[in-house]
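Please look at the sequence and the model below before reading on.

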Amino acid sequence: MHSFKKILSAIGVIVVLFAIIWAADFVLYPCTFMRNDIHAVSTKSFDDVFVGTSHGKMNIDPETMKKVDGRTGHNLCVGGEYPEDVLYLIKLMIEKGHTPKRIVYEVSPGYFVREKEVGNNYLLFYHEFPLSASKLEYFKSTILKCDFRTLFFPWYEYALSYEISHAGETINKKLSKDYSEDGFETETQKYHESGFIERYPVEVSDSDIDLLDEWFPEDIVKKNMKDLKEIIRVCDDNDIEFVAVTTPLSDVTLEACKEGNAALDKYYSDFFEKAGKSYINFNYGKYYEMTKHDLDSYTDLDGHMNGDAAREFSDVLARVLLEE
């Protein structure tokens with residue numbers, strides 16, 4: 001009887017600890033735009049879902065594309081999104097019964113030559129997943145690699161003073177299930193309901209062009225390609241059309257990393273051709289002439305467009321996909 005009471009006491013302590021952890025997470029973990037994005041694709045069905053990196057986030061506007069092709073779409077791209085993340089995002093949509101008709105994967109070479117970094121980035125997507133088998137599988141694949149803070153103190157990489165001062169706003173948004181785009185606009189950019197982030201124009205200098213990283217096919221991490229192959233397999237098994245796209249870069253950036261960009265274009269062209277999938281690189285061949293490559297169309301040397309240029313590119317992308 002005495003030992004039974006000890007067990008009950010231990011269980012009680014564990015329950016209380018988890019309640020405290022949950023409450024702290026509810027109050028201190030901010031409402032990010034990724035919360036909105038994952039809620040959108042797991043509760044609604046879209047013709048197109050765009051996945052990839054910040055280049056896709058800032059350069060692809062689903063609303064502009066819809067005016068051309070009439071297809072509904074949501075931009076699920078974001079900086080820090082590796083192939084592994086894309087894989088579980090697609091699995092979540094399928095599990096929730098909102099399988100898209102097409103996945104458009106924005107291929108940014110930098111996310112294939114690096115391993116996914118351990119830390120808060122692991123939580124950017126996982127934290128917003130609703131309870132699901134996909135989340136459990138995602139947990140085993142990613143969160144178990146992190147230290148205890150990632151699981152028990154998910155807010156640890158955010159500024160605590162800021163989160164405490166905005167706790168009321170965070171609580172209200174979560175309690176009211178507010179998934180509006182309110183509160184995400186800054187002096188430099190605006191988040192749209194479609195998931196597109198519009199960057200405001202700025203003057204860009206090429207003075208730091210020598211600091212750009214140049215990558216080659218031999219730099220590619222094998223696991224990233226393994227995850228990409230699995231993404232294609234999952235799409236094929238669920239009758240999801242798959243298309244890969246690389247968004248435009250400025251001419252100065254293309255020239256600065258000329259050899260690496262050309263080698264990677266050939267590598268991905270060969271890979272997707274072998275996989276039987278379309279790959280459209282707007283930096284080469286006939287596609288180059290369709291888009292803007294002047295530095296004034298970008299907000300940095302990395303290839304993030306300003307809002308006007310992104311909408312023009314999205315119009316072109318929709319027309320090209322219609323032809324493809």
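**Aromatic contacts and overall form**

Phe 184 counts as buried because its relative accessibility is 13%, where buried means under 20% relative accessible area, exposed means over 50% and partly exposed lies in between, with a 1.4 Å probe and protein chains only. Phe 33, by contrast, has 21% relative accessibility and therefore counts as partly exposed. The model is predicted, with local features requiring pLDDT of at least 70 and side-chain atom pairs pLDDT 80 or more, while totals for chains, interfaces and linings use all residues. Residues are numbered from 1 along each chain as its sequence is written, and side-chain values use heavy atoms, with hydrogens and water left out.

The structure holds 21 aromatic pairs, a pair being two rings of Phe, Tyr or Trp (its six-membered ring) with centres within 6.5 Å, called stacked if the planes are under 30 degrees apart, edge-to-face if over 60 and tilted otherwise. Phe 33 and Phe 184 form an edge-to-face pair, because their ring centres are 6.5 Å apart and their planes stand at 85°. This pair links distant parts of the chain, since Phe 33 belongs to helix α2 (residues 33–43) and Phe 184 to the loop between α10 (167–175) and β4 (189–191), 151 residues apart. Helices (H or I, at least four residues) and strands (E, at least two) are DSSP runs numbered from the N terminus, and the protein has 15 helices and 7 strands.

Another edge-to-face pair joins Phe 112 and Tyr 268, with 5.6 Å from centre to centre and 65° between the planes. Phe 112 lies in the loop between β3 (102–106) and α6 (123–126), and Tyr 268 in helix α13 (residues 258–275), so this pair ties together parts 156 residues apart in sequence. Phe 112 counts as buried because its relative accessibility is 1%, and Tyr 268 is buried at 1% as well. Both residues belong to one aromatic cluster, which also includes Tyr 105, Phe 242, Tyr 267, Phe 271, Phe 272 and Tyr 279.

Charged side chains also meet rings: Arg 114 lies over the face of Tyr 111, at 5.3 Å from the ring centre, and the charged end of Lys 174 sits over the ring of Phe 26, 5.4 Å from its centre. The criterion is that NZ of Lys or CZ of Arg is within 6 Å of the ring centre and within 35 degrees of the ring normal.

For the protein as a whole, 53% of the 324 residues count as buried, and its C-alpha atoms fill a box of roughly 80 × 40 × 40 Å along the principal axes.
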